Amino acid sequence: MAKRSFKSSALPTILTYLGLAIGLVFSTFPIVWMFFSSLKSNTEIFALPPRLLPDDFTVAAYLTIFNDPVKVRFFINSYFVAGVVTCLTLVVAIVTAYGFSRYQFRFKNTLNIFIISTQTVPPITLLIPYFGMVVAFRIFDTYLALILTYMVFTLPYAVLLMTGYLNTLPKELDEAVLVDGGSSWTALWRVIVPVSIPGIVATAVYTFLLAWNEFLFALTLTKSMNLRTVPIGIQLLMGQHAFEWNEMMAMSVLGSLPLLVLYLVAQRYFLAGMTAGSVKS
Amino acid sequence: MNHSATALVVAQSKARRKGWLRYSTLRKLVPYFYVSPASLLLVLLMLFPMVMVFRYSLMDGAIMKKDAAFAGVQNYMTIFENPVFWQSVVQTLYFTIMSVVFHFIIGLAFALLLNTNRVDPLIRSILRVLFILPWLFTAVIIAIIWRLLLDPNGVINSVLMALHIINFKVEWFSSTRTAIHALTFANIWAGYPLYMVSLLAGLQGISKELYEAAGIDGANEVQKFWYITIPQLMPIIISIALLDFIWTMQVFPLVWMTTGGGPIYSTEVLSTFTYKLAFSQYEFSLASASAMIILIISMSVTYFYIKHQQRR
């Protein structure tokens with residue numbers, strides 16, 4: 001921090017900008033490097049001395065991916081699984097969050113502790129019994145196996161985020177419906193949900209992010225190529241063509257794109273939702 | 001009208017319509033109706049599997065054998081006798097503690113930089129969005145970005161050689177001396193934004209009056225930082241650090257995709273050790289015992305986390 005004697009001078013401001021510049025390089029350089037590598041030819045990627053911008057821009061790596069039905073399928077699978085998980089999680093989380101935020105009941109604290117502690121259960125611990133169960137129930141290598149098991153990670157966050165958001169809404173909102181003789185169920189869907197859109201958007205983005213990024217279960221609970229998701233697709237690509245860096249970078253750019261777009265579009269809601277949910281839960 | 005009173009009215013009117021349930025009973029059931037879907041799902045997907053993994057850990061040949069026999073604590077003994085397990089414990093601790101410490105330092109530094117009013121508000125809000133970006137990338141992508149950057153012929157080696165910091169091409173991920181550090185560095189890069197977001201929110205919540213009062217008492221900036229900022233942020237720091245400790249301890253994909261635990265176990269962590277037992281060696285009983293050990297460590301830290309959350 002700045003020393004007091006410099007307070008009136010420009011030095012603290014210069015140091016702050018310098019710190020921010022270093023921070024900017026630290027946080028974004030690897031991402032920028034990934035992006036430009038995806039536009040280089042494979043021979044240019046390790047050119048000496050290294051250059052950030054490609055000498056000749058080429059979208060060849062992207063075209064290879066778009067023209068390969070197997071790779072396109074990775075993306076379809078990821079969008080489908082993350083989309084379904086997000087929808088299901090939102091519905092369940094909204095209903096549960098309403099119960100937590102609007103009612104006092106026995107076991108409320110116990111249940112709350114249970115949901116908080118589910119956030120911290122190691123995926124690897126659950127993986128082994130899930131594998132056993134998924135095989136026993138004959139849903140190994142299906143979308144259902146992924147969708148069901150992902151909910152164990154998305155639900156706790158979604159419930160906590162939504163409860164945090166609903167707690168910020170005045171109770172008079174839904175009480176008006178109750179006074180008019182409506183049920184709390186009507187109040188939830190007619191009044192609370194429409195005014196909770198910012199909280200729902202934040203929760204949806206975070207849920208989608210968790211589901212899109214999941215690796216361990218996608219690796220273990222599916223086997224056939226037409227069920228593999230993007231993270232596994234990239235891993236397989238890496239195993240098979242270890243030297244096609246431009247293609248792997250292009251896959252990475254495409255695999256990060258939905259999250260980047262969602263985040264940039266919804267970042268206002270997202271940051272507000274995250275801080276409301278995590279910091280002051 | 002307070003909330004329980006309105007709920008009573010609603011329950012009453014519903015009970016009158018139904019007739020067969022007393023309104024007091026119905027009123028008590030309403031909250032359970034709302035919280036049951038998530039609770040049931042989580043019990044089904046969480047408690048039941050935990051009982052199963054515990055059972056597996058006490059058996060001989062779980063999943064693989066149809067009539068797996070009871071083995072008692074034998075699997076745990078086998079794990080404890082394995083030197084690679086203890087090496088994994090040490091490496092997991094190094095990886096986790098370094099990650100948590102540097103996540104905190106970087107997260108706090110960025111939050112402080114973004115919180116000053118010395119910087120143009122527009123630049124501040126743009127940087128706030130950009131500084132969070134590493135957090136959005138999936139572990140597999142983080143792994144291959146850093147494999148590209150830290151390749152022996154990669155840009156980091158070139159820059160370090162140009163600056164005469166190193167004089168030969170370091171094989172960051174494939175040398176037993178550097179792999180764990182390279183891995184930890186990649187994880188540090190990927191994980192600081194959670195601290196940054198939370199601490200920034202915390203900084204904005206600190207009352208300006210505290211600083212003004214300290215200023216009147218003659219405190220300088222450093223004293224204000226140590227005696228106001230840090231104590232005010234402490235609850236957030238403890239929460240996030242405990243969560244981060246638990247999560248980092250369990251990290252799997254980043255390790256799997258950069259080094260796979262190698263070279264010669266030098267980056268083996270508890271999660272890769274367990275995964276290999278299960279899905280490379282098909283020793284599901286041993287893997288379950290190992291997974292139970294990870295669970296017990298996680299749950300003991302979770303205990304402190306929940307204690308801390310409830311005190312706030």
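Predicted model: local features only at pLDDT ≥ 70, side-chain atom pairs only at ≥ 80, totals over all residues.
Student: How is the size of an interface often given?

Tutor: The usual figure is the accessible area lost when the parts come together. Here chain A and chain B bury about 9300 Å² between them. Carbon and sulfur atoms account for 79% of that area.

Student: How many residues of each chain are in contact?

Tutor: On the side of chain B there are 102 residues, and they are in contact with 105 residues of chain A.

Student: How many salt bridges and how many residue pairs in polar contact are there between the two chains?

Tutor: The count of salt bridges between chain B and chain A is zero. Polar contacts join 12 residue pairs, counting pairs with both residues at pLDDT 80 or more.

Student: Which helix of chain B gives the most to the side that touches chain A?

Tutor: That is helix 2 of chain B, residues 23-57, which contributes 21 residues.

Student: How do the residues on that side of chain B divide by type?

Tutor: The side of chain B that touches chain A has 74 nonpolar, 19 polar and nine charged residues.

Student: Now the cavities. How many are there of 30 Å³ or more?

Tutor: The count is four cavities of 30 Å³ or more. The largest cavity holds about 1300 Å³ of space.

Student: Which residues of its lining are closest to the centre of the largest cavity?

Tutor: The lining has 47 residues, and the closest to the centre are Tyr157(A), Tyr206(A) and Leu210(A), together with Trp135(B) and Trp247(B). By type, the lining of the largest cavity divides into 31 nonpolar, 14 polar and two charged residues.

Student: What is the phi of Tyr265(B), and where does Tyr265(B) lie?

Tutor: Phi of Tyr265(B) is near 65°, again a positive value in a residue other than glycine. Tyr265(B) belongs to the loop between helix 12 and helix 13 of chain B.

Student: Is the peptide bond from Gly262(B) to Pro263(B) cis or trans?

Tutor: That bond is cis, with omega near -10°. Pro263(B) is found in the loop between helix 12 (253-258) and helix 13 (270-279) of chain B.

Conventions
Residues numbered from 1 in each chain as written. Chains lettered and ligands numbered in written order. Heavy atoms only, no water. 1 Å grid on protein atoms, 1.4 Å probe; cavity = no way out; pocket = protein on both sides within 12 Å on 5 of 7 lines; lining within 4 Å. Points joined across faces, edges and corners; volume = space filled by probe spheres on them. Nonpolar A, V, L, I, M, F, W, Y, C, P; charged D, E, K, R; others polar. Contact = heavy atoms within 4.5 Å. Buried area = accessible area lost by both parts, 1.4 Å probe. Salt bridge = Lys/Arg side-chain N within 4 Å of Asp/Glu carboxyl O. Polar contact = N/O pair within 3.5 Å; in protein donor to acceptor, adjacent residues only side chain to side chain. Helix = DSSP H or I, 4+ residues; strand = E, 2+ residues; numbered from the N terminus.
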